[in-house]
Amino acid sequence: MIKRLGISLEEGLLARFDALIEARGYANRSEAIRDLIRAALVEEEWKHLEGPEQVLVVTLVYDHESYHLAQKLTDIQHARFGMVVATLHIHLDEHNCLETLVLRGDGKEIMEMAQSLVAARGVKFGRVVPATTGRELP
Ligand code: NI
């Protein structure tokens with residue numbers, strides 16, 4: 001059964017959204033919104049995946065001149081160094097750093113660590129992308 005719903009949002013935001021879905025080739029807003037909802041649900045489901053063998057990729061953009069933030073991000077990583085499989089650090093410009101980390105370990109623990117990195121005050125952009133060995137997938 002299909003349900004209809006109304007959504008309120010700012011004009012400028014809607015214009016940007018319309019431009020985005022056109023660029024991505026969606027037939028209409030409904031299809032684009034359905035995809036966004038599905039993606040959010042899949043992501044949420046991954047967050048609750050438990051088990052010793054999970055993998056996450058964390059992407060962070062932050063200003064390295066914010067000394068406390070850079071220190072905090074490093075502290076979090078050293079506190080759980082065993083979970084950090086790889087890191088990539090790129091100096092984007094005079095101020096901004098891009099850092100990508102691959103975390104591996106217990107699903108709940110690495111997700112907690114990933115979220116504490118993304119949630120650190122001053123992180124301008126943060127994403128947690130769950131990855132998988134694919135063993136449980138058909
Ligand atoms: Ni840097």
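Here is a walk through this structure, from its metal site to its core and its salt bridges.

Keep in mind that this is a predicted model, where local features need pLDDT of at least 70, side-chain atom pairs count only at pLDDT 80 or more, and totals for chains, interfaces and linings use all residues. Residues are numbered from 1 along each chain as its sequence is written, and side-chain values use heavy atoms, with hydrogens and water left out.

Let's start with the metal. The nickel ion takes its protein donors from His89 (NE2), His91 (ND1) and Cys97 (SG), which lie 2.0 to 2.3 Å from it. Donors here are N, O and S atoms within 2.8 Å of the metal (3.2 Å for Na, K and Ca), and since water is not among the atoms, sites may look incomplete. Read along the chain, the nickel donors have the spacing H-x1-H-x5-C. How open are the two histidines? His89 is partly exposed at 35% relative accessibility, while His91 comes out exposed at 62%. For these words, buried means under 20% relative accessible area, exposed means over 50%, and partly exposed is in between (1.4 Å probe, protein chains only).

Now look at Asn96, which is found in strand S3 (residues 96–105). Helices (H or I, at least four residues) and strands (E, at least two) are DSSP runs, numbered from the N terminus. Asn96 counts as buried, with 14% relative accessibility. Its side chain makes a polar contact of 2.6 Å with that of Lys124; such a contact is a pair of N or O atoms within 3.5 Å, where within protein one must be able to donate a hydrogen and the other to accept it, and residues adjacent in sequence count only if both atoms are side-chain atoms. Leaving aside residues up to four places away in sequence, Asn96 touches Val61, Tyr62, Asp63, Ile90, His91 and Lys124, where contact means heavy atoms within 4.5 Å. One of these, His91, is also a nickel donor.

Next comes the greasy part. The largest nonpolar core has 19 residues, and those with the most contacts inside it are Leu56, Val58, Leu60, Leu73, Leu103 and Leu117. Strand S1 (54–63), helix H3 (67–79), S3 and helix H4 (107–118) each give it two or more residues, and H4 provides the largest share, five residues. A core of this kind is a set of buried Ala, Val, Leu, Ile, Met, Phe, Trp, Tyr and Cys residues joined through side-chain atoms within 4.5 Å. Take Leu73: not counting residues up to four places away in sequence, Leu73 touches Leu60, Tyr62, Leu117, Ala120 and Val123.

Finally, the charges. The structure holds five salt bridges, each a side-chain nitrogen of Lys or Arg within 4 Å of a carboxyl oxygen of Asp or Glu. Arg29 pairs with Asp18, with the closest N and O atoms 2.7 Å apart. This pair links distant parts of the chain, with Arg29 in helix H2 (residues 29–47) and Asp18 in helix H1, eleven residues apart. Arg34 bridges to Glu31 at 2.8 Å; being three residues apart in helix H2, they are separated by about one helical turn. Glu112 and Arg80 form another bridge, with closest N and O atoms 3.9 Å apart. Glu112 lies in helix H4 and Arg80 in the loop between H3 and strand S2 (84–91), so this pair ties together parts that are 32 residues apart in sequence. Salt bridges that share partners also join Glu31, Arg34, Asp35 and Arg38 into one network.
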